[in-house]
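User: I'd like to learn how to read a structure like this one, feature by feature. Could you walk me through it?

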Amino acid sequence: MMKLKTLLLATSWAALSSFSVQALQETAEKEEVQSPPSLPGEVHSKIDSATPGLMPVKPLKDVPEDILALLDALPEAKREFVLSGKGASVLKPDLMYELMRKASTQEVEQYVDTMLTVYDQVQYKQGRDTDQITLNTDSENYNTWRVKRPKELDPEREAGPISLGRYLGGGRSGIPTFARSPVALSPEDLVAGEVDVAILGAPLDMGSGWRDAIHGPRAMRMLGRGTGGADVSTMIDPGKVLNIVDYGDAAIDQLSTERSVQEVRDRVREIAETGAIPFIIGGDHSLEYPNVAAIADVYGKGKVGVVHFDAHLDTGRGRVHLLDHGQPIYRLMKEAHVRPEDYIQVGLRAHYSKSYYEWEREIGMHYHTMAEVERRGWDAVMERVLQEATENTEFLYVSFDVDVLDPAFQPGTGTPVSGGLTMREAIPIVRRLCAETNLVGFDIVELAPALDTTYVSTLNANSLMFACLTGVAMHKKGITQKGFISELSSEHGQTDYYGDKK
Ligand SMILES: [Mn+2]
């Protein structure tokens, strides 16, 4: 049906009159058959059908006769270059035709030579361009950053979470941890402590143009605020229901996203293998790649859906670096960890061209922009997201880029975009996703505390983590009814103002 609408829009009324609607419907159905949903573990057949945002190289069509005559006078290789469409990225065809019409035969050839020269400079050329940057394998510290301390060197202790609090009243010892929770350092600690949620810091920020996501985990631990006590909407205290630990930080090579993501993937997988839910605190959004890949390692390729909150599409591809904070989604789908139809994006509003959305439609992704929120209202969009999150897959991963929030609430992020979600919109959807689905992983990324002179950005990140912890606690207690709200905290009960007393 969607395809039919697109066809109708793309076809002028004059042309439409010569076709029957039935014929159009048949064409649309044929197209559906040609693009079946991908199977778990398979790469979607159309994933490389277009490179959104980049002009696809296509042979020139409908070249005017007079231009063809001019091109015929050129050496064969130059004529072929122009007709191949490769030069269109240097000089748009319409402008080229205009220039050629005014030019002498000699000048026409000069234009083509110029296009060839620029095209050649842009493309990678073996021998001229660097395609590998060598690491120093002679370094005595090649793996120091990631080698784990042998158990024999650890103080002797029984496996299990270690409380860093001196006082009976909790974690008020001045040693900051995520949500003031005890620390665990190994899978054995997680198993012995019957840990439900292990919070892992991943201070990686080479994948972001504007740095400082490196300080996200440290800021959230230091502030602490927003992570304890009972949630007002549900009267659930996640700290009392769940065994939560701070799993420390994953080691990061601060000069290499590529080396670091392997280590993050290992640590996330190690948590998930114990049955605990990894919460990964970034760090930039490159992390979604190792995080979700690790989850797929444990639960199966194509078995986990992803809800991705973001102002940006993060479907970038075809860039020189294979992974950065704008490309995790393409990489996950290209390696078949997640099927396009199981990807649900929420809060999009950065300035992307039509081709991005057209490509997402073609491969079956689910996107929810702020334009949809403007048209339908947040409540309707939220319900739709919640429904889609449980429709296709048994398990769900939630990736929360804090730039989905309006910069009014979240100035501390590297790539802010106006017109985003409020915290009042974000908290309920995060809590509900974590309560009403089989959540197997969660991340908060792109918090850059140095860009916010107040503590508000960090407080909001902590509050979102708390919203998900609340949801996981509700799930554990069996409170999975849609949109559960506590009767006690949402109604004083002294009058029957809303008319719901029986
Ligand atoms: Mn992002």
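**Reading helix contacts, the sheet and the backbone**

Analyst: Happy to. Let's begin with a helix pair: Lys78, Phe81 and Val82 in H5 meet Glu109, Val112 and Leu116 in H7. By class, this contact of H5 with H7 has four nonpolar, no polar and two charged residues. Please keep in mind that this is a predicted model.

User: Then let me ask about confidence before we go on. What is the average pLDDT of the protein chain?

Analyst: The chain averages a pLDDT of 90, and 91% of the residues score at least 70. Residues 1-34 need care, as pLDDT stays under 50 there. For that stretch the model has 12 contacts beyond four places in sequence.

User: Back to the helices. At what angle do the axes of H5 and H7 cross?

Analyst: The axes of H5 (residues 76-84) and H7 (residues 105-122) cross at roughly 65° and come within 10 Å. Angles of 65 to 115 degrees count as roughly perpendicular, so H5 is roughly perpendicular to H7. The crossing has a hand too: H5 passes H7 in a left-handed crossing.

User: Let me try another pair. Are H17 and H18 roughly parallel or roughly perpendicular to each other?

Analyst: Start from the angle: the axes of H17 (residues 423-436) and H18 (residues 456-477) cross at roughly 30° and come within 7 Å. Angles under 35 degrees count as roughly parallel, and H17 and H18 are therefore roughly parallel to each other. Their crossing is right-handed.

User: Which residues of H17 and H18 meet?

Analyst: On the H17 side they include Met423, Ile427, Val430 and Leu433. On the H18 side, Leu464, Ala467, Val472 and Met474 are among them. By class, the contact of H17 with H18 has 12 nonpolar, five polar and two charged residues.

User: And how do H16 and H17 cross, right-handed or left-handed?

Analyst: The crossing of H16 and H17 is right-handed. Their axes come within 11 Å and cross at roughly 20°, so H16 and H17 are roughly parallel to each other. Trp378, Met382, Val385, Leu386 and Ala389 in H16 meet Glu425, Ile429, Arg432, Leu433 and Glu436 in H17. That contact has seven nonpolar, no polar and three charged residues.

User: Now the sheet, please. In what order do its strands lie?

Analyst: First the general idea: strands of a sheet pair through backbone hydrogen bonds, either parallel or antiparallel. Here there is an open sheet of eight strands, in the order S2-S1-S3-S8-S7-S4-S5-S6, with parallel pairing. S2 (244-249) and S6 (366-369) are the edge strands, each pairing on one side only. Neighbouring strands are turned by 15° against each other on average, direction ignored.

User: How many bridges join S5 to S6?

Analyst: Four bridges join S5 (residues 343-348) to S6, and the two strands run parallel. To find one yourself, look at Leu348: its bridge partner in S6 is Thr369.

User: Last topic: the backbone itself. Is the peptide bond from Gly282 to Gly283 cis or trans?

Analyst: That bond is cis, with omega near 10°. Gly283 lies in the loop between S3 and H12 (288-299).

User: Which phi does Arg180 have, and where does Arg180 lie?

Analyst: Arg180 has a positive phi of about 50° although it is not a glycine. Look for Arg180 in the loop between H7 and H8 (187-192).

Terms used: Residues are numbered from 1 along each chain as its sequence is written. This is a predicted model: local features need pLDDT of at least 70, side-chain atom pairs count only at pLDDT 80 or more; totals for chains, interfaces and linings use all residues. Axes are lines fitted to C-alpha atoms, for helices over the stretch in contact, and angles run from 0 to 180 degrees between N-to-C directions. Angles under 35 degrees count as roughly parallel, over 145 as roughly antiparallel, 65 to 115 as roughly perpendicular and the rest as oblique. A crossing is left-handed if the near helix is turned anticlockwise from the far one by less than a right angle, and right-handed if clockwise. Two residues are in contact if their C-beta atoms, placed from the backbone, lie within 7 Å. Ala, Val, Leu, Ile, Met, Phe, Trp, Tyr, Cys and Pro count as nonpolar, Asp, Glu, Lys and Arg as charged, and the others, Gly among them, as polar. Two strands pair if DSSP finds at least two bridges between them. pLDDT is the predictor's confidence in each residue, from 0 to 100.
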